[in-house]
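Good morning, and thank you for joining. I would ask everyone to look at the sequence and the model first, and I will then go through the main features in turn.

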Amino acid sequence: MTARLAVIVSGRGTNLEAILDAIAAGTLAARVVVVIADRPGAQALARATTRGVPTVTIDQRAYTERAAFDSDLDAELARHSPDLVVLAGFMRILSDGFVKRWLGKLVNIHPSLLPAYPGLHTHRRALADRVTTHGATVHFVTPALDSGPAVLQVEVPVRPNDSEGLLAARVLNAEHRLYPEALRRILSGQVAFRDGAVYCDGAPLARPERLPHLHS
Ligand code: GRF
């Protein structure tokens with residue numbers, strides 16, 4: 001049976017596009033059954049529509065309370081019976097209740113090698129620290145922000161003359177390889193979420209595997 005993905009977005013949607021590309025190329029056995037955005041006009045919505053994927057907008061501006069937004073998001077998701085809920089550039093923090101309800105089915109991509117640089121401005125902070133290796137992480141979402149167990153990471157080199165923009169572009173490019181591969185590992189059962197940890201081929205994963213950087 002083809003796995004059902006619900007993708008939740010706020011903006012640009014290049015990771016959504018990469019997932020749709022992998023599905024179209026036959027390297028990810030899944031179907032995006034809905035794309036849900038929290039802001040009307042998100043570029044990701046147009047990308048979905050172009051590819052024939054149904055979209056729903058739950059406009060965050062209409063909500064004063066997080067719980068009400070999360071409850072509407074929950075109800076919308078439930079209508080689509082997703083096997084996985086994929087956060088792809090979703091800029092809201094979800095309530096503990098929502099996260100617990102979708103625990104083990106909720107994944108996110110974050111532009112750093114977690115646990116390094118949770119939160120915002122990850123590239124700027126990596127440059128300020130003069131690290132030589134940066135990257136991105138796909139992780140299961142748990143109530144603590146950017147702290148859920150990692151499924152897979154990708155390494156990206158930091159170049160001596162990098163600007164924030166150059167580094168961000170290099171990481172984003174790697175994310176597009178990372179997310180479909182991480183989803184493939186989850187959907188194939190190679191990687192599983194159990195008791196708050198990630199298991200790989202049946203054994204607890206102490207450290208997430210890291211895909212090497214491919215481009216110069
Ligand atoms: C990515 O850098 C992702 O890691 C972060 O938000 C960005 C989303 O980009 N969570 P896009 O909307 O997929 O182009």
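Predicted model: local features only at pLDDT ≥ 70, side-chain atom pairs only at ≥ 80, totals over all residues.

Helices (H or I, at least four residues) and strands (E, at least two) are DSSP runs, numbered from the N terminus. Strand 5 and strand 6 run antiparallel and are joined by four bridges; two strands count as paired if DSSP finds at least two bridges between them. With strand 7 (residues 150-157), strand 6 pairs over seven bridges, again in the antiparallel sense. In that pairing Ala-136 stands opposite Val-154 of strand 7.

I turn now to the interior. In soluble globular proteins, nonpolar side chains tend to be buried together. A nonpolar core is defined as a set of buried Ala, Val, Leu, Ile, Met, Phe, Trp, Tyr and Cys residues joined through side-chain atoms within 4.5 Å. The largest such core has 44 residues, and those with the most contacts inside it are Leu-5, Val-35, Val-86, Tyr-179 and Leu-183. Helix 6 (residues 164-187) gives the most to this core, with eight residues. A second, separate core has 19 residues, including Ile-8, Leu-73, Val-85 and Trp-102.

Next, helix 2, residues 43-50, whose buried residues are Ala-44, Leu-45, Arg-47 and Ala-48. Why do they lie on the same side of helix 2? They cover an arc of only 160 degrees around the axis, the arc being that of the directions from the helix axis to the C-beta atoms. The face turned away from the buried side carries the exposed residues Thr-49 and Thr-50. Among the elements covering the buried residues of helix 2 are strand 1 (3-9), helix 1 (14-25), strand 2 (30-37) and strand 3 (55-57). Just after helix 2, Gly-52 takes a positive phi of about 80 degrees.

Within strand 2 we find Val-34, which is buried at a relative accessible area of 0%. Val-34 and Ala-48 are 14 residues apart in sequence, and their C-alpha atoms are 8.6 Å apart in space. Neighbours within four places aside, Val-34 is in contact with Leu-5, Ala-6, Val-7, Val-53, Pro-54, Val-56 and His-80.

Some backbone geometry is also worth noting. Most residues other than glycine have a negative phi, and most peptide bonds are trans. In this model, a cis peptide bond joins Leu-114 and Pro-115, with omega about 15 degrees. Pro-115 lies in the loop between strand 5 and helix 5, and Tyr-117 is found in the loop between strand 5 and helix 5 as well. Tyr-117 is not a glycine, yet has a positive phi of about 55 degrees; Tyr-117 is buried, at 13% relative accessible area. Asp-195, in the loop between strand 8 and strand 9, has a positive phi near 50 degrees. Is Asp-195 buried or exposed? Asp-195 counts as exposed, at 74% relative accessibility.

Four bridges join strand 8 to strand 9 (residues 197-200), and Phe-193 has Val-198 as its bridge partner in strand 9.

Thank you; I would be glad to take questions.

How values were computed
Residues numbered from 1 in each chain as written. Heavy atoms only, no water. Buried < 20%, exposed > 50% of the residue type's maximum accessible area, 1.4 Å probe, protein only. Contact = heavy atoms within 4.5 Å.
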